[in-house]
Number of protein chains: 2
Amino acid sequence: MIELELVKEAVRLRKARSESFLDFEYLRFSDDFKEIPRGTVLFQDTVIWGYPHIGRIFILEKGLKEQFRNPFWVEEKIDGYNVRILLQKDKVIALSRGGYICPFTTDRVDDFINFKFFEENPDLILCAEVAGPENPYIEESPPFIKEDIRFFVFDVMRKNQAGFLSHTEKMKLIEKYNLPAVTVFGKYTTDDLKTLKELLFQLNTEKREGVVFKEDSPEHRRAKYITSYANLNDIKITALNMLQLPAEYYTNRIMRIVLFMEEEGIKATQHLYSELGKAFIEGLMTAIEQFKKEHRVYRRFSCRFKTKENALALIELLHRTSRHIQVIEKELKKEGDYWRLTFDKVFLNMTGLLGHLLSGGLVFD
Amino acid sequence: MIELELVKEAVRLRKARSESFLDFEYLRFSDDFKEIPRGTVLFQDTVIWGYPHIGRIFILEKGLKEQFRNPFWVEEKIDGYNVRILLQKDKVIALSRGGYICPFTTDRVDDFINFKFFEENPDLILCAEVAGPENPYIEESPPFIKEDIRFFVFDVMRKNQAGFLSHTEKMKLIEKYNLPAVTVFGKYTTDDLKTLKELLFQLNTEKREGVVFKEDSPEHRRAKYITSYANLNDIKITALNMLQLPAEYYTNRIMRIVLFMEEEGIKATQHLYSELGKAFIEGLMTAIEQFKKEHRVYRRFSCRFKTKENALALIELLHRTSRHIQVIEKELKKEGDYWRLTFDKVFLNMTGLLGHLLSGGLVFD
């Protein structure tokens, strides 16, 4: 458990805030605070630790040698959003990375996860990535998911404890309850560099995001490594709304693309140059076109819910938590067994800047 | 003049600092402070006002209509560094934009400017751009300057006064003293949009930076407009040292490229995409190569002086004012009538980051 004094201090410094949502009252750490990671949640009697940051290596060869002392498992990294799923007050709920109860993920979780897992293991938490074209948060989706969403379990935590179950324990549970999980490529050592480079090259070709390395040891060392494709795709997807993200988002990714090429021995070609240039220019062109036609820059989202209440709760959550984004509900209608919610995120910064620039405004820079 | 109380307050807040250089003692405004622009310099009896910021328009059509009420002169904008040249204590000196006495520009000014101007007009200040491949400050140079540097006068100021002489007064002086000056393309109104678009298209093709619009009226409204070429070139030149500049430097320029294309009706082509991608990737590739070979990322500079003392003074100034850059003198030798100084600027941020990444370091982002 976390000491009461620490909690009080965090609340006083506004690093932890009270939340009330879907019949739950809880405290949410909105920032990292001392050893407590952002997204940690306190229910009356239970602590759900935040999912810790995993550092990124830019160079496989030196990076693996520098970070790992023991064999490590290599798992696929899926490009989605991170949730922790748990049983609380007889209800299975999903927490977002930031510690909000997500009405969408909570609504859909039993389409993908066997609830027997929670009945038989009420103290365990599933950490999963949710990805797919019909999610309400991120504009990217792995190309192999053609519709809706999918869940990919990659870790199991225990209530009131930081850290994870071992790989063996996790795999047993995944098998026993037939949980959807990320691909485990195998157990490797730093001597397997050639194989790992080939694996990453292959993932890059298949437009997959990358891998997470997890040391099979009590120290649980971890690191992630992202393909050049994923970095390029990040730029492509977000260029429409370039002002929303810190500019370093882009310079970091360009740096990673170049280091990936360097390591994999990929030669700079006109094709790659033009992919990078296009990623930026097409997104911005789309923003300008949108603005000229509709006086706003936005992205449309659409997702399926089992209950209308959860759809409305998601809209409320997005209204409450979106910064520099206006969320506009477009439609909520019954579609087969589901309710389909369609909404727009209007990017206010980009809309405002284009309004200023296209009407002839002056910029001092 | 500036009120004494204001000066005292600026010094107290460290917005103005004492400088002592080349036998001059003066006060330099290191930041904008109330109505006093950064780079303003106070000698005992004289104020040299800082050169004011000129806002940028992104769209000619709306921008000119929005910014100007009267006809305006259109002058070429040269890609160099801004100096103010004046007579002080019987010596002609050049101040940098930031208000330092520049030993290099001061050393070379009489190769380009007729000093009779200052003898006959001791209260006037020439505002000029200095550009060329052999300058000690900026890595870019207009392609039409093949060696050394050139001066381009674009404004005349008066000591102890903010603001500029009128266009007519300025042109008279330029003619009388045969001063090297920027090209004046003519006097236009907002109705001349078609001609101005053609001019900018032409400048872009010729790899020139852009234009400054200067209203011919007591309000002296001004604005600048930069070609797509210049924005692309900025990225290309600085990518080697991407960490030195704020990341917005890059996102702003990409935005400007797209708005320039949009306005000039330039279609996005594979060629343009690949130019942009290449601008980023080639610079970073060079940085990685440099680091692997020499364990540092740097750019070499070379310039000519008339006196050895001024060359040493420049090195001293660069040592004192460079942030995150290590200046290493490589060679100072007599070459014909000049002293040739060669030095490296080692980009410490980029060198440090590549050191960390290429040795397998972890990054949390």
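**A buried lysine and a helix pair**

Modeller: In this predicted model, K214(A) counts as buried because its relative accessibility is 6%, and the cut-off for buried is under 20%. K214(A) belongs to strand β12 of chain A, which covers residues 210–215. Its side chain forms a polar contact with the side chain of D155(A), at 3.1 Å. Leaving out residues up to four places away in sequence, K214(A) touches F72(A), W73(A), E75(A), F154(A), D155(A), K170(A), R221(A) and R222(A).

Let us turn to the nonpolar residues. In soluble globular proteins, nonpolar side chains tend to be buried together. The largest nonpolar core here has 137 residues, and I85(A), F280(A), I85(B) and F280(B) touch the most other members. Apart from its neighbours within four places in sequence, F280(A) is in contact with residues that include I235(A), M242(A) and Y250(A) of chain A, and I254(B), L276(B) and F280(B) of chain B.

The helices come next. Helix α9 of chain A and helix α9 of chain B, each spanning residues 270–294, have axes that come within 6 Å and cross at roughly 100°. The two helices are therefore roughly perpendicular, since angles of 65 to 115 degrees count as such. Among the residues that make this contact are Y273(A), L276(A), F280(A) and I281(A) of α9(A), together with Y273(B), L276(B), F280(B) and I281(B) of α9(B). By type, the residues of the contact comprise ten nonpolar, six polar and four charged.

Notes
Residues numbered from 1 in each chain as written. Chains lettered and ligands numbered in written order. Predicted model: local features only at pLDDT ≥ 70, side-chain atom pairs only at ≥ 80, totals over all residues. Heavy atoms only, no water. Helix = DSSP H or I, 4+ residues; strand = E, 2+ residues; numbered from the N terminus. Buried < 20%, exposed > 50% of the residue type's maximum accessible area, 1.4 Å probe, protein only. Polar contact = N/O pair within 3.5 Å; in protein donor to acceptor, adjacent residues only side chain to side chain. Contact = heavy atoms within 4.5 Å. Core = buried A, V, L, I, M, F, W, Y, C linked by side-chain atoms within 4.5 Å. Axes fitted to C-alpha atoms, helices over the stretch in contact; angles between N-to-C directions. Parallel < 35°, antiparallel > 145°, perpendicular 65-115°, else oblique. Nonpolar A, V, L, I, M, F, W, Y, C, P; charged D, E, K, R; others polar.
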